[in-house]
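Here are my notes for your first look at this one. Keep the structure open beside you and take the points in order.

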Amino acid sequence: MKVKLDVGRFNPESEGDKSFRQEFDLEVEEYYTVLDALMQVRDYEDPSLAMRCSCRASICGSCAMKINGTSGLGCNTKIVDVIKKDGTVKVDPAGNLPVVKDLVVDMEPFWSKVREIKPFLQTKGPEPQDEYIAPQQAMLDLVKPVGCIMCGACVSDCTVLEVDSNFIGPAALAKASRFIDDPRDEMNAERFAQLNQYTGVWDCTRCMACVEVCPKGVAPMDRIMTIRDQIINAGIKNTNGARHAEGFASIVKRYGTLDETQLVIKTFGVLNPIVALKNIKALFGLLPVAYRALRKNKLPPVFHHKIAGVSYIKNIFKKLGA
Amino acid sequence: MAVYQHDVLVVGAGLAGMRATLAAQEAGADVAMITKVHPVRSHSNAAQGGINAALESRGDNWDDHAYNTVKGSDYLGDQDAIEIMCQEAGPAVVELEHMGVVFNRDENGRLGTRHFGGQEVARTFFVADITGQALLHALYEQIMKYNPRVYEEWFVTSLVIEDGKCCGVVALELMTGQIHLIKAKAVILATGGTGRCFEPSTNGLVVTADGQGLAYQVGVPLMDMEMVQYHPTTLKGNGVLMTEGARGEGGYLLNSEGERFMKTYAPNMMELASRDVVSRSEQTEINEGRGIDGCVLLDLRHLGRELIETKLAYINEVAMDFANVNLAEEPCPIRPGNHYEMGGIKTDVHGVTSMPGLYAAGECANVSVHGGNRLGANSLLDTVVFGKRAGIHAADYSRQIEQINVPDSIVSLDEGRIKSFFDKKDNTDTPATIRLAMGQAMNEGVAVFRDEAGMQAAYKTILELKDRYKRLGVHDSGKIFNTNLLFAFELGFMLDTAETICVSALARKESRGAHYRTDMPDRDDENWMKHILVQNTGEDLPTVDFSPVTVTRWEPQIRSY
Ligand SMILES: Cc1cc2nc3c(=O)[nH]c(=O)nc-3n(C[C@H](O)[C@H](O)[C@H](O)COP(=O)(O)OP(=O)(O)OC[C@H]3O[C@@H](n4cnc5c(N)ncnc54)[C@H](O)[C@@H]3O)c2cc1C
Ligand code: SF4
Ligand code: SF4
Ligand code: FES
């Protein structure tokens, strides 16, 4: 089978700080993965092509890269599954991380965020003589998040990290959820307080990218949403995100539809001077949005009216016990 | 030049290396870890099935585990070492659980077990079929917690020996291409196996026998290198493993006639006989025409979709990705494939080698607990038990000695080697072609069935390749992440190690464990209950020596399953 590998390259030594593209025409076997093809280039055509790989069996997390623009593992992506009509496969280094050379990126920003969440089991009191007793199902449920191989594919495609590198990101948050949901870990209050901050769980825009690209089914976004619920259920309400969610629900309960103006007021705590002062910048940031909406005649009405069947909606809330 | 110095330096960040590092740190030493790949990229990741321990608290006993291990080793394992490993297994597993490993539980929330080969009792603890990954990440979590210095993506090119003692290493920093000297009072090698000396292999691309090569270079003996394990269930194309846990959960092996052929070879233990036995049985079926395209079949359909998707999810994914097989729906073609090196750097039960200051632990070491054949799930155990022991002993030793002074100029030797690789760039030979030829020769001549002529042929090829290696050049002259240079170094370690495997195999004139000679099919306890030591004395060819096997309680018996 013929394939044209179109590789995004970068070599600060010989080419300066400019990245460039290079195409390789290859004859490969039907069962080849993208990694197999890259290794064929490196081993027999251009030994300077740099990449990381170790297990070649989707378990070590070394080989995350962009394949036709979407992040994934080179070693479990088969050429036949991604080859385009014109016979090419496009390969680039992972995104949202500094490129060192060709497909090798600097993973330190990735790991520093993982370290931030205190990624180890924390218990209080003395250890038992034998193992901790833990429910069978709880441990089974942890297998998925523990299966995270720290490849960074999710981070590479995260739409928030693209605009705000402070966001702690999907991999670190998935790792946090692995400890939060561990019946042995006793630091949930501290973990919630940390993840509730700016850069934490509320920064995610629920774009789903991380869920789609994760090669291990870790579904980071789902875990982030679970942590949000857990934070609210733990009674921590002092955040824009929590206020946003609570406000959202209470407005819908009252009017049957969403009133964006009220939501802004509730989210940024405009009726509470201390919270409002902290959010003043964000509030001003919304003014251009409001102005554009006004010009397009899309500004939400100042006085929001209840919809006709609002009593049904209230009943739904009642049934949910909210 | 920057000066790096530590009490204890651990080379390798797999399970053995990280366990050693944590133990040395706890013992109060200034310890650092150096690794050519980020710790969680180490090959311990790939272990799927589990880790053995006889938990006394639930009525199992370590004696039985020890006996199974001795029998599994075909009586070549040192029984004092085996007793230590099996005795310390329970506490080691509980320790891992306390660190956070999410071991599978039973209905009462206690640790749950699965069956593994060569043992009647189910005593294998596991995390689905990603046990190695779960353990490796849990140990790395502890590393992040206690924060020892980690020289990450630094490749050790040679050991530093002064006054007959090991007192540091020279290493290449991949990101910059710089050569550094790291001084240490004690160095622990925990560099893993030899898989890439063979092609194909279940082992990852980074398993290149570096530690064995480093030790061999400085004259430390490698022991029982002929004992190379072929795993019964590996995929045909790229050699990826399908865990023994699949048979532990009840999977069948079938030949082309749909028969569970193990009934002919191991009527009691069937698919769960020792690995050497199962691999030979498969190869016999294939050789006698009852295979399919050089394979037999692993059939899991009767286990049901749910069990497969919860306890064997990873191999299901692998079978799908690499063999286009859905395990719940069809049997998967598999065959014996290179998997594990029982032999290694000779150590005592504290990881001490023949060279003062040099330790070894994990797959690169040979204590010897696996003898002629390792039981499944005993290797992870070996890494954590003897990794910890080496860490403690090295920390202790480092307190008793002064750092020997090493001149910085020592790095010029390896700088010279690099320059000479660059100088030979007009030679068109590549590390990849030599490695492939080596791997194929080894897989041909030193595999499941061996004989004099086949082993001689493999050895001859290795010697020719060593000669070609002398002329090998490196074509990429860059400094940043130069893997061309890295592979050239690795290839040197692999060729030396492959040679020791051939020499050891040719020396053993009997069949035992994984070393099965069709021209000498019997075990010969009278003459060959002994270890084979292969050593580099600076001559062209290595020397061969022998040492006795320690027997404490179990005299050799006929081995049937
Ligand atoms: C597919 C597969 C499945 C397995 N399943 C099981 C199982 O179920 N149960 C079981 O008990 N065993 C199993 N094993 C065996 C077991 O996984 C290994 O024997 C064990 O993990 C080896 O661990 P280690 O710490 O010795 O080496 P590794 O984990 O291989 O680590 C080696 C380390 O050394 C470093 N290193 C190597 N060379 C250098 C150098 N020159 N400079 C710097 N650093 C270097 C590497 O970066 C790495 O960090 C399996 C093995 C394979 C391949
Ligand atoms: S869902 Fe959230 S965490 Fe995931 S990629 Fe999108 S923004 Fe990032
Ligand atoms: S969550 Fe998935 S994509 Fe992200 S690092 Fe883990 S395994 Fe990779
Ligand atoms: S090489 Fe290990 S995940 Fe791809």
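1. Start with confidence. pLDDT is the predictor's confidence in each residue, on a scale from 0 to 100. You need that here, since this is a predicted model. Chain B averages a pLDDT of 96, and 100% of its residues score at least 70. For the model itself, the scores are ipTM 0.94 and pTM 0.92.

2. Now go to ligand 2. Which residues come nearest to ligand 2? Out of the 14 residues around it, they are Cys158(A), Cys204(A), Cys207(A), Met208(A) and Cys210(A). Sorted by class, the shell holds 11 nonpolar, two polar and one charged residues. Three helices of chain A, namely helix 6 (159-163), helix 9 (209-213) and helix 10 (220-233), each give the shell at least two residues.

3. Next, find the sheet in chain B. Its four strands run in the order 11-14-13-12, and the sheet is open with antiparallel pairing. Strand 11 (228-234) and strand 12 (252-254) sit at the edges, each pairing on one side only. From one strand to the next, the twist averages 45°. As a reminder, strands of a sheet pair through backbone hydrogen bonds, and they can do so parallel or antiparallel.

4. Zoom in on one pair from that sheet. Strand 13 (residues 296-299) and strand 14 (residues 332-341) of chain B are antiparallel and joined by three bridges. Look for Leu297(B), which stands opposite Pro333(B) of strand 14. What packs on this sheet? Helix 8 (residues 275-287) of chain B does, touching strand 11, strand 12, strand 13 and strand 14. The direction of helix 8 makes about 65° with that of strand 11.

5. Is helix 2 (residues 62-72) of chain B mostly enclosed or open? Eight of its 11 residues are buried, so the rest of the structure largely encloses it. Here "buried" means under 20% relative accessible area. The buried residues are Trp62(B), His65(B), Ala66(B), Asn68(B), Thr69(B), Val70(B), Lys71(B) and Gly72(B). They pack against strand 3 (51-52), helix 3 (79-99) and helix 11 (379-400) of chain B.

6. Last, have a look at Thr483(B), which belongs to helix 15 (residues 483-507) of chain B. Is Thr483(B) buried or exposed? Its relative accessible area is 5%, and the cut-off for buried is under 20%, so Thr483(B) counts as buried. Leaving aside residues up to four places away in sequence, Thr483(B) touches Arg42(A), Pro47(A) and Leu49(A).

How values were computed: Residues numbered from 1 in each chain as written. Chains lettered and ligands numbered in written order. Predicted model: local features only at pLDDT ≥ 70, side-chain atom pairs only at ≥ 80, totals over all residues. Heavy atoms only, no water. Near = heavy atom within 4 Å. Nonpolar A, V, L, I, M, F, W, Y, C, P; charged D, E, K, R; others polar. Pairing = 2+ DSSP bridges. Axes fitted to C-alpha atoms, helices over the stretch in contact; angles between N-to-C directions. Contact = heavy atoms within 4.5 Å. Buried < 20%, exposed > 50% of the residue type's maximum accessible area, 1.4 Å probe, protein only.
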